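Please read them beside the coordinates.

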Amino acid sequence: MVSIDADIIFSKIPSAVVTDNIEDAACYLIISRSIQELLTSRRFNLIEHMSVEVHKVISQSLLDKADIISMIKVSLRKVSPPVPGLHGGVSAIYSSPINV
């Protein structure tokens, strides 16, 4: 099992903060469905590779907000890696500006 966290760092205040309108916000449903589609359509051997691919999907989902996003950080945690004696899992973090 892999746990995924994503941080979106804004360089400007998103208009949704002011308008309180969902139409002005990033749609996390679309982002999560895009990630699910990626993860069900491909097999990944390494969480390092998976973190970069998830970053790409998130970047694509947020292209219309690229002018106000300075960074996207994706953290993946393999909860139970198949390594004898390793407890607590392992993580891979990929952080980069939005890929336009």
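1. Asp 7 and Lys 73 form a salt bridge, with their closest N and O atoms 4.0 Å apart. The term means a side-chain nitrogen of Lys or Arg within 4 Å of a carboxyl oxygen of Asp or Glu. Asp 7 lies in strand β1 and Lys 73 in strand β2 (residues 69–78), so the pair ties together parts that are 66 residues apart in sequence.

2. The model is predicted: local features need pLDDT of at least 70 and side-chain atom pairs pLDDT 80 or more, while totals for chains, interfaces and linings use all residues. Residues are numbered from 1 along each chain as its sequence is written, and side-chain values use heavy atoms, without hydrogens and water.

3. The structure has four salt bridges. Glu 53 and Lys 56 meet in one of them at 3.0 Å, N to O; being three residues apart in helix α3, they are separated by about one helical turn. Arg 42 is linked with Glu 53 and Lys 56 in a network.

4. Glu 53 is buried at 12% relative accessible area (buried is under 20%, exposed over 50%, partly exposed in between; 1.4 Å probe, protein chains only). Lys 56 is partly exposed at 40%.

5. Helices (H or I, at least four residues) and strands (E, at least two) are DSSP runs, numbered from the N terminus. In α2, the buried residues are Ile 31, Ile 35 and Leu 38. They cover an arc of only 60° around the axis, which puts them on the same side of α2 (the arc is taken from the directions from the helix axis to the C-beta atoms).
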